[in-house]
Amino acid sequence: MLKTWIAASCMLWCVGLCCGARNLTKLHLLGLFPMTGVWAGGTAMSIATELALRDINDNVDILSGYEVVLIRKDSGCDGGTATNALFEELYNQSTTKMMIIGAGCSIATEPTAQASHHWNLIQMSISSSPLLSNRAMFPLSFRLMPPESNFNIGKLALFKKYGWKKVATLCQSVPLFSLSMADLHRDATELGIEIIAAESFVDSPGVSIENIKNVGARIIVVGVYSEMARKVFCEVYRQKMYSSKYVWIVTGWLEFNWWREPSESIDCTPDQMDKATANQFGMYIDNFPSDQNSTPSVSGLTTSGFLERFKVIAETESPESMTGYTETTIIYDTVWTAALALHQAQTTLEALDPPKQLEDFSYDEQTAQIFYDIISNLTFEGISGPVRVDRKGDRLGLVEALQLQDGTLVSIGVIDPTSETKDLITDGYQAIFWPDGAPPIDFMMYREDNQTIHIPVFIAGVALSLVGTVLASSFLAFNIHFRKLRVIKMSSPKINNLMLIGGLLAYVSIIFLGVDTSIASTENFVWMCKAKTWCLSFGFSIAFGSLFSKTWRVHKIFTNKTAMKLVVKDSWLIGMVMTLVAIDTVILILWEIVDPVSANRQRGTEVIDEENDDIVHIPIRMMCESVHQIYFIGAFYIINGLLLIFGAFLAWETRKVTIPALNDSKYIGVCIYNVLILSFVGAMVSFVVENRNTHYALLGALIWLSTTITLCIVFVPKIKTRNDVAPAKNTTMTQQGGNSMDMQRENQLLRREIFRLKNSCKCQAHGDSTDADKIKATPSL
């Protein structure tokens, strides 16, 4: 069943010639009024119908010789079933001939099998259900109440006037509103308006309203009955969606002061409801046009004259408080439509061969077509404005735009659906009130913020890189110049040189990391990205590979049972480092050939402006990316990650080694821990931090710290102790004898230290081994 709010109905029922005081033939109108039920507006409507019948019967130019009489029936809560039952009852009365039906009750979505043939009669309704526009289901239906979908014209005109291109909809899950919202979605899309949220609910609107809030909608169209409307706006108050930044457009025909009616379903106070509903808009038919903006109706009455007479009959000074009051002018014009159709049909019927009269014709297909054609082309001025219907039988009436200002609905404009533009006309109407002095925007304003590295930040990064480069170059010069000193010689100066070269590459990568499109063109930016990747990859592999190889040598000597017989030359360590570099080279070349990087725009997390919550900032970063880069980056992470973990393990295993001759073994272990920790922190930063400047500052600082701390830990002690073991003159000693004596003293010290460490670690050699065997193996270090 289609549960629509009920209007009224009238059925002309000819029962034959009835003689009264004036010897007039009585034509009976059956009025189906909702006297009870959810929407009991029948009292006000029956009064308007009675007023129309008085004016029709007193008019000598209409239906001369006839008197129209009303038969009032209560359509109740289930008007569709009641209407079908009444049709069946009247049809079974042989003396009854139905001529015109005006049904405003809840119409069944599909008539019963017994009464289906009655629905082919002419129907006149003021129900607003969009379903009645379906000519396949109701081929002979007419109504002066525009369907709910017709009010979409006013909503679209409001969108157009203020340039709103993004709207949300919320409706109660009943056909009246769901069908009209579907029509709104279709028409809005055709006009280029985006429906960013389309929510519906059955009983509780809380989740739907929260969803609308989350998408950032500002313009919301609502289709609900009064009880649900109270729930909606109580929730609107709770979610603070009633500020000047929001526009709510509700059903325009809800009863007077509906938001202030007490309801057990909400816990909001009247003051809170006033705040939530303030300045909302509504669309409805202009059923009470002002006398200045309209001409007298066919009955001679104006709007003010109608209202005065209605007050007298209703015996009230405030008829607007009556349920159904807003439809009184429409039902008045509906009765007049029936009377004018009968009046014109009388002439047409008399011209038939053989001629017919209103009181004696059979309601056949020919007669039905006569009435259909008459009503389809009927035009007259009613109390509610011009009366004319479209091809679907729906009235083309003026749509009035309303706004709730200071607790009172005022008219702010009108839309003529017959015009070509269908614009909102506001001249001569109450000015629209905007709390902020201007209409709000329709959606959060999105601003793209190109995240480039600020020049001061970049300069700071370049400065750090240069400082690191100078530091590494100084260490390299020192290492080469004093390569013959014992403190340098015993720590593998060639490997240390590789470590410094790796550090230099790491420092240079900081500069490339800070170059973006604010400094270089897009093409050059891509080259800078590639240079950064190559420098950082090679720098890490060379520098950390050097640390790793030296740690591995110490571990082999002091933990392997045959370490005293193992010759670990520098060439082996250099080969180990070059192997890591070769692996990096293969990966980088494959990356460049198979899936080269390109400059792409990357959107960051949206941030609402602190000063204006209508503005959302979208960070845009220019990134060097490729389609399958995750596989190549993953390869680096896996290889270097395993290398870091294994290096940390070796450093832990050799943590107690403190041999003066191998003077940097303990320091190298500390360096490995330092690189391990800072590398993992750097990896997290590169994935988590989105702000371009923060990302560069943190990542550059981590690279600089990791490199600088490592180099300082390794080389500062060498600088401080370069003269502790051997005098400075040894740097120029060239005689073979002097060198030989020096080497013998160093070997003796080294043998004693190794022997002590082996005993303390309980790593005894085989029983047949002698100190002489250990001494023989010592020079292989």
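Are Cys-234 and Cys-268 buried or exposed? In this predicted model, Cys-234 is buried, and Cys-268 is buried as well.

The structure holds two disulfides. One of them joins Cys-234 to Cys-268, with 2.0 Å between the sulfur atoms. The torsion about this S-S bond is about 85 degrees, so the disulfide of Cys-234 and Cys-268 is right-handed. The link brings together distant parts of the chain: Cys-234 belongs to helix 6 (residues 226-238), while Cys-268 sits in the loop between strand 10 (247-251) and helix 7 (270-277), 34 residues apart.

A disulfide is also formed by Cys-529 and Cys-624, again with the sulfur atoms 2.0 Å apart. Here the angle about the S-S bond is 75 degrees, and the link of Cys-529 and Cys-624 is right-handed. Because Cys-529 is part of helix 14 (residues 522-559) and Cys-624 part of strand 20 (residues 615-625), the pair ties together parts that lie 95 residues apart in sequence. Cys-529 and Cys-624 are both buried. When the bonded cysteines of the protein chain are numbered in sequence order, the pairing reads 1-2, 3-4.

Attention now turns to charged side chains. Side chains of opposite charge can pair when their charged atoms come close. In the whole structure, the search finds 13 salt bridges. One of them is a contact between the side chains of Asp-394 and Arg-143, at 2.8 Å from N to O.

The salt bridge between the side chains of Lys-166 and Glu-194 has an N to O distance of 2.7 Å. This pair, too, links distant parts of the chain, with Lys-166 in strand 7 (residues 166-172) and Glu-194 in strand 8 (residues 194-201), 28 residues apart. Lys-166 has a relative accessible area of 27%, so this residue is partly exposed. Glu-194 is also partly exposed, because its relative accessible area is 40%.

Salt bridges also link Asp-183, Arg-186 and Asp-187 in a network. Within this group, the closest N and O atoms of Arg-186 and Asp-187 are 3.1 Å apart. Arg-186 has a relative accessible area of 45% and is therefore partly exposed.

The strands that carry Lys-166 and Glu-194 lead on to the sheet. Strands of a sheet pair through backbone hydrogen bonds, either parallel or antiparallel. Seven bridges connect strand 7 and strand 8, which pair in the parallel sense. In one of the bridges to strand 8, Leu-170 is partnered by Glu-199.

Finally, what space is left inside the model? Rolling a probe the size of a water molecule over the atoms shows where empty space is left. The search of the whole structure finds five cavities of 30 Å³ or more. The second largest cavity holds about 50 Å³ of space. Its lining is made up of Pro-289, Ser-294, Thr-295, Pro-296, Ser-297, Leu-301, Thr-302, Thr-303, Gly-382 and Ile-383. Sorted by class, the lining of the second largest cavity comprises four nonpolar and six polar residues, with no charged residues.

Terms used. Residues are numbered from 1 along each chain as its sequence is written. This is a predicted model: local features need pLDDT of at least 70, side-chain atom pairs count only at pLDDT 80 or more; totals for chains, interfaces and linings use all residues. Side-chain values use heavy atoms; hydrogens and water are left out. On a 1 Å grid over the protein atoms alone, a cavity is a set of points where a 1.4 Å probe fits but cannot get out, and a pocket is an open set with protein on both sides within 12 Å along at least five of seven lines; lining residues have an atom within 4 Å of a point. Grid points are joined across faces, edges and corners, and a volume is the space filled by probe spheres set on the points. Ala, Val, Leu, Ile, Met, Phe, Trp, Tyr, Cys and Pro count as nonpolar, Asp, Glu, Lys and Arg as charged, and the others, Gly among them, as polar. A disulfide is a pair of cysteine sulfur atoms within 2.5 Å. Helices (H or I, at least four residues) and strands (E, at least two) are DSSP runs, numbered from the N terminus. Buried means under 20% relative accessible area, exposed over 50%, partly exposed in between (1.4 Å probe, protein chains only). A salt bridge is a side-chain nitrogen of Lys or Arg within 4 Å of a carboxyl oxygen of Asp or Glu. Two strands pair if DSSP finds at least two bridges between them.
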